[in-house]
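Hello,

Please look it over before you read my notes.

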Amino acid sequence: MQTAYIGHPDCLKHDMGMGHPECPQRLTAIENELQATGLLAQLQCYEAPLATTDQLARVHALGYIESIRQAAPTAGLIALDADTAMNPFTLSAALRAAGAVVLAAELVLMGTVNNAFCATRPPGHHAESDRAMGFCLFNNVAVGVAHAIRQHQLQRVAILDFDVHHGNGSEEIFHDNPHVMLCSTFQHPFYPYSGANSGNDRIINVPLRRDADGAVFRQVVNEHWLPELDRFKPEMIFVSAGFDAHRDDDMSQVHFSDDDYVWITQQIRAIAEQYSQDRIVSVLEGGYELRSLARCVAAHVRVLHAQEI
Ligand SMILES: [Zn+2]
C-alpha cells in the first residue's frame, strides 16, 4: 500500500500552556517512533496546506470562521473555552490540520496513494459548526468528508471514530446528512456527555462503560459497526483516530491495548477493501500518554501501509 503521511511544522507551534495534555510533544513522540521503527522512510510525506475559507465553510458557519481568525492573538494565550486556547501559531496550525485532511482526501481520491494518515493538531471531532471546544477549533475530518462529497460527488462516506470521547462535533455537523455514516465508541457518561441517545440509522453511537476493555470494544464493533457498514457500503472511509482509550492513558478509564488498535485498523482495512477501493483517510484526534500514543499510531500506520491485512 502507498500511504501518505501529512503534517506541518506549524502544528508543533500551537501550544496551550504548560501542563496542557494536548501538547506539541505528542507529534514529536509520534514522529520519533515512526523514524526509529523505519516506517517513516516507507511513507509518502507531504506538508499540510492551509484550508481555505470555502473548504471550512462547507461545515462551519462563516461567522464562526471569521471569529476564530479575529480571536487569534499576536502574543500570549486567549481562551476559547475552559480547555481550548489560541497562541499566535494556533490559527495556522488549525488551518493546516483541516487542510491536511483535504489534501489526504485528494491524494486518495486521485489514486496517488491508497490511504493517508494526518499527524496534525489541534484535533477536530469536538468542534461543532459554530463552536470550538475540547481542544478542537475546526472539525478536520468533517472538512475532509465534505470535500470528498462536494468536490468528488461521493454518495456514501463513513467516519469511524474510536477516540474515547464522543465526537459531538462530527455528529452535530452530519446528523441529518444522508451521505454520511458515523460509527463511534466512547466512554459514557464522560466528556462531552453527549451521544448516548442521539444516534439514528446512520449515527451508530456505542457508549462504553468505564473499565471497558478491548474485548468489549471488539464485541461492539462486530455487533454494531460492521453490520451497519455492510449495509451502508461506504465509498470512502475517514477515521477519527484517537488513542486516549489506551489503558496507559489516564485521560479515560477505558482500557484498550496496543493490539486493539492493530485489530480495529485491520477491520477498517477489510471494510475499505470490500467497499471503498481501499480508500482510507485517518486523522489524529486524542491520545495523551506519549509512549502508548507513539506506539499505537505506529502500529495503526503499519497496518494501513501493509501489503496484506
Ligand atoms: Zn479524546
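My notes below run from the whole chain to single residues.

This is a predicted model, in which local features need pLDDT of at least 70, side-chain atom pairs count only at pLDDT 80 or more, and totals for chains, interfaces and linings use all residues. Residues are numbered from 1 along each chain as its sequence is written, and side-chain values use heavy atoms, with hydrogens and water left out.

**Overall fold**

The protein chain has 10 helices and 10 strands. These are DSSP runs, numbered from the N terminus: H or I of at least four residues for helices, E of at least two for strands. The C-alpha trace spans about 50 × 40 × 40 Å along its principal axes.

Of the 309 residues, 61% count as buried. Buried means under 20% relative accessible area, exposed over 50%, and partly exposed in between, with a 1.4 Å probe and protein chains only. The chain exposes about 11,700 Å², and carbon and sulfur atoms supply 49% of it. Accessible areas come from the Shrake-Rupley method with a 1.4 Å probe; for residues, only the protein chains shown count as cover.

Take contacts between residues at least 6 apart in sequence: 75% of them join residues at least 24 apart. Contact means heavy atoms within 4.5 Å.

**Zinc site**

The protein donors of the zinc ion are D163 (OD), D163 (OD), H165 (ND1) and D244 (OD), at 2.0 to 2.7 Å. Donors are N, O and S atoms within 2.8 Å of the metal (3.2 Å for Na, K and Ca); water is not among the atoms, so sites may look incomplete. Along the chain the donor spacing is D-x1-H-x78-D. D163 and H165 are buried.

The site is irregular, with angles of 53 to 154 degrees among the four donor atoms. Four donors count as tetrahedral if all angles lie between 85 and 135 degrees; four count as square planar and six as octahedral if opposite donors are over 155 degrees apart and all others between 65 and 115; anything else is irregular.

**Helix 6 and its end**

Helix 6 covers residues 140-152. Its 13 residues reach 18 Å from first C-alpha to last, close to the 18 Å expected at 1.5 Å a residue. The expected span is 1.5 Å times one less than the number of residues. Of the 13 residues, 10 are buried, including N140, V143 and H147.

Q153 is not a glycine, yet has a positive phi of about 55 degrees. At 53% relative accessibility, Q153 counts as exposed.

**Other backbone points**

D211 is not a glycine either, and has a positive phi of about 75 degrees. D211 is in the loop between strand 8 and helix 8 (214-232). The peptide bonds from H188 to P189 and from Y191 to P192 are cis, each with omega near 0 degrees. P189 sits in the loop between strand 7 (180-187) and strand 8 (203-208), and P192 lies in the loop between strand 7 and strand 8. Most residues other than glycine have a negative phi, and most peptide bonds are trans.

**A94**

A94 is in helix 5 (residues 90-109). A94 is buried, at 0% relative accessible area. Beyond its neighbours within four places in sequence, A94 is in contact with P122, L137, F138 and N140.

Best regards
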